[in-house]
Amino acid sequence: MATTATVHAHAAPQGFIRKYIFSLDHKVIGIQYYFLALVAVFVGMFLSLLMRIHLIWPTAVLPLVGEIKPETYLSLLTMHGTIMVFFVLTTAPQSGFGNYFLPIQIGAPDMAFPVLNMLSFWITFLAFVAMIAAFFVSGGAPLHGWTGYAPLSALPSAGPGEQLGADLWVISIAIFCVASLMGALNFITTLLDLRAKGMTLFRLPLTCWAWFVTAILGLLAFGVLLSAGILLLLDRNLGTSFYVPLVVVNGQVMGHKGGSPLLWQHLFWFFGHPEVYIAILPGMGVASQVLSTFARKPIFGYKAMVYAIMAIGLLGFMVWGHHMFMSGMSPYSAFAFSIMTMAIGVPSAIKTFNWLGTLHKARIRFHSPMLFAIGFVSLFVSGGLSGPFLAQPVLDIPLHDTYFVVGHFHLIMGVAAIFGIFAATYYWFPKMFGRMMNESLGRIHFWITLIGTYAIFMPMHYLGMAGHPRRYSQLTELAYLHDLIPVQQFMTYAAFITIGIQFVFVFNLFWSMFKGPKASDNPWEATTLEWTTATPPPHDNFGGHTPVVNHGPYEYSVPGAPRDYVMQTDPVTAAAH
Amino acid sequence: MKDPKLGQGGSGVPPPVTDGGGDGREDNGAPDYGARLRRARLGILLLLVTVTMLFVAFTSAYIFRQGLPVLDERTGKNISDWVQVSLPTGLLVINTLLLLVSSVTAEFARRQITQEAALAPVQSIPGILVDGERSFPWLAVTIVLGFGFLAGQWIAWRELQARGFYLATSPSSSFVYLLTAAHAIHLSGGMLALIYAGVTSVLRRPVELRRIVVDITAWYWHFMTLLWIYIFALLEFAR
């Protein structure tokens with residue numbers, strides 16, 4: 001058998017900088033991504049809280065930002081959306097947990113290209129710095145929303161934040177695209193080329209399938225966003241007219257002519273819709289993993305789950321037009337996009353059905369990861385059900401610019417994915433840090449967060465149906481919206497409580513890291529490869545040997561087996577009779 | 001109870017022991033260059049998928065913009081404002097030939113180093129001397145031809161400017177500069193890789209490692225040649 005030093009592509013680093021800062025170890029890089037996302041989520045959450053406060057107390061002077069003018073509100077909106085989508089929902093589930101656990105779950109000592117992996121993280125970090133810098137330049141952060149619609153995003157004279165702040169925004173997104181493409185390339189190569197002996201594709205944990213399909217989506221989608229960003233930079237700085245038609249700003253005719261704002265929308269949403277799945281698929285993988293482990297049952301319909309992930313990925317590239325029903329597109333195109341969008345309901349329903357099938361008649365162990373995984377399914381269903389409404393042009397047109405859409409995408413893309421991250425954190429924390437998180441705090445965190453998120457986002461559907469427009473800084477003076485003010489107030493109070501409880505989570509995270517009870521190698525009695533190695537895993541993951549896989553990933557409650565689970569590396573005979 | 005091998009997630013058939021990859025090392029601890037080459041080729045293939053998506057997006061923007069009617073302020077009617085750029089076609093054909101030849105030399109460089117790598121283990125056996133004749137510097141020729149192509153593209157840009165087509169002159173000229181510049185930047189990446197391979201040759205790195213760099217760069221280079229022919233055809237014929 002080969003020794004640790006010979007198996008691993010690079011030796012364990014000694015100095016602090018090579019070990020923790022510019023590390024080539026996928027586990028350290030995964031943790032770096034995780035903490036980057038943690039910082040980002042608090043920035044994003046703080047911005048959302050400022051918006052919620054402003055919505056019910058429009059004249060309040062707030063700390064750090066002072067009085068919120070309409071353009072300040074738009075800056076908060078833009079930066080909240082961008083930071084959350086890119087630096088939280090894309091970063092933590094895929095780059096964070098994927099980096100840490102994909103190689104271990106397939107039995108590899110590291111990612112395929114460790115140097116590229118390190119570069120991916122630091123480029124992502126650079127993108128985050130550029131994004132945050134947008135707050136501190138002349139004119140402040142951009143106003144054009146996370147979707148960056150042209151011509152607003154393409155004209156520096158269109159508003160205060162559209163000057164240097166918007167340039168930084170575009171540059172940050174472009175840098176982020178490059179980092180994500182490098183990451184996607186690394187994930188796919190690792191999964192295809194570095195699997196341990198016996199780890200056939202249909203023995204992969206569903207987490208790996210989710211990371212794999214997500215990486216393929218990233219590989220195909222981020223290139224398109226990068227191209228869109230390049231065109232936007234050229235329009236903004238070099239006078240081209242890809243997106244800008246003949247337009248007058250503040251009485252001044254701009255030098256552009258003949259560009260099409262719709263071109264940006266097509267390119268953006270060709271990326272933007274797959275991005276929704278980039279955010280949610282890893283959460284689906286984690287939910288499947290956790291549900292099966294804590295229900296002590298094989299995942300219901302493993303292969304159906306795999307094919308559903310693939311189908312969601314594939315269909316995700318054919319539906320971008322449903323974000324553009326308002327743009328005046330041909331009704332025939334809209335019809336096609338509508339049908340394709342509703343078709344995504346089929347694989348999504350298969351997944352939901354299989355999750356429920358996994359829970360059916362199970363002896364469930366209600367630990368924190370399981371609670372969050374069940375919460376994920378709940379939010380996925382609640383947020384998903386409004387999808388088929390919005391998929392129909394005739395309903396989308398009146399609902400599109402209202403809070404209905406805000407409620408829909410926050411439930412399904414935002415909070416469901418965040419619940420996936422929480423489930424993954426509670427589930428893998430013992431393996432990552434060698435200690436257990438506090439269970440009581442975990443349960444308090446779960447219940448208040450679950451109830452809180454429903455309290456924030458469910459009423460938004462109601463507001464939307466009542467015709468409350470989104471994106472406006474304040475509409476308290478409009479008579480027809482007057483009766484809705486108590487609903488807005490309720491949502492803000494719910495936001496205060498929900499955000500407050502997240503500090504309990506952070507306390508639990510850091511306290512447990514140093515003071516939590518020591519974790520065993522396999523505290524959840526799970527079956528996949530990460531639980532066969534030491535806690536936390538050694539530098540080369542498996543302490544000098546390469547595992548050989550003999551079983552599928554979810555063999556729980558196997559009749560006749562000595563324990564109620566069979567680990568993937570157990571010898572074939574161990575569970576035979 | 002049925003055979004547990006048939007349980008959830010199992011394929012039902014004991015897997016072949018060859019499934020899965022290696023870690024770049026053979027069991028005796030020696031570097032497994034074959035596995036590394038396979039991995040590097042897969043990586044470069046995925047990189048080319050990304051590059052393809054970038055240019056697919058540019059192309060769809062090109063076709064979208066070309067067919068877009070624009071409101072004429074004087075007549076109030078929708079008209080096409082697409083002005084075809086008069087390309088310096090002769091010069092671009094010469095550039096294309098340069099690139100095609102460079103692709104051929106890159107292929108020769110790839111085959112040459114593949115052969116060298118194959119002979120490396122034999123050469124390391126004491127007492128065996130393989131023909132030490134200096135081989136033709138195909139790599140250097142490729143680099144020179146690559147520089148020639150980039151210089152040619154630069155001259156073509158100057159020619160476009162002389163004809164009055166700047167970046168922001170018309171939608172079509174914006175696309176000409178965009179596509180040629182994006183291609184040139186990608187080709188420059190290939191040049192850097194070739195130069196790196198040359199430097200590692202001087203530094204006497206193991207031939208198997210240099211082979212991996214040259215091999216994947218050659219494939220990348222061929223793709224860049226095809227991409228250029230595609231861009232040239234798009235600009236010339238998609239009117």
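Visitor: How many helices and strands are there in chain B?

Guide: In this predicted model, chain B holds five helices and two strands. From the N terminus on, the order of these elements is α-β-β-α-α-α-α.

Visitor: What is the confidence in chain B, and where is it highest and lowest among the elements?

Guide: The pLDDT of chain B averages 84, and 83% of the residues score at least 70. Among its elements, helix 3 (residues 138-162) of chain B has the highest mean, 96, whereas strand 1 (residues 69-71) of chain B has the lowest, 80. Over residues 1-25 of chain B the pLDDT is below 50, and this stretch has 68 contacts in the model beyond near neighbours in sequence. For the complex, the predictor gives an ipTM of 0.91 and a pTM of 0.93.

Visitor: Why is Val43(A) called partly exposed?

Guide: A residue is buried at 20 or more C-beta neighbours within 10 Å and exposed at 12 or fewer. Val43(A) has 19 such neighbours inside 10 Å, so Val43(A) counts as partly exposed. The residue belongs to helix 3 (residues 26-56) of chain A. Its C-alpha atom is separated by 9.2 Å from that of Met79(A), 36 residues apart along the chain.

Visitor: How much of chain B counts as buried?

Guide: By that cut-off of 20 or more neighbours, 36% of the 239 residues of chain B count as buried. Of the chain B contacts between residues at least 6 apart in sequence, 75% join residues at least 24 apart.

Visitor: What is the span of helix 10 of chain A, and what is expected at 1.5 Å a residue?

Guide: Helix 10 (residues 302-316) of chain A has 15 residues. The expected span is 1.5 Å times one less than the number of residues, which gives 21 Å here; the helix reaches 21 Å from its first C-alpha to its last, close to expectation.

Visitor: Which residues of helix 10 of chain A are buried, and what covers them?

Guide: Among the buried residues are Tyr302(A), Met305(A), Ile309(A) and Leu315(A). Their cover includes helix 8, helix 9 (261-295), helix 11 (331-343) and helix 12 (345-359) of chain A.

Visitor: Which residues touch the most other members of the largest nonpolar core?

Guide: Of its 225 residues, Leu225(A), Ala287(A), Ala373(A), Phe376(A), Ala416(A) and Ala423(A) touch the most other members. Helix 8 (residues 206-237) of chain A supplies the largest share of this core, 21 residues.

Visitor: Which residues are in contact with Leu225(A), leaving aside its neighbours within four places in sequence?

Guide: With contact taken as C-beta atoms within 7 Å, Leu225(A) is in contact with Ile173(A), Cys177(A), Phe268(A) and Phe271(A).

Terms used: Residues numbered from 1 in each chain as written. Chains lettered and ligands numbered in written order. Predicted model: local features only at pLDDT ≥ 70, side-chain atom pairs only at ≥ 80, totals over all residues. Core = buried A, V, L, I, M, F, W, Y, C linked by C-beta atoms within 7 Å. Helix = DSSP H or I, 4+ residues; strand = E, 2+ residues; numbered from the N terminus. Contact = placed C-beta atoms within 7 Å. pLDDT = per-residue confidence, 0-100.
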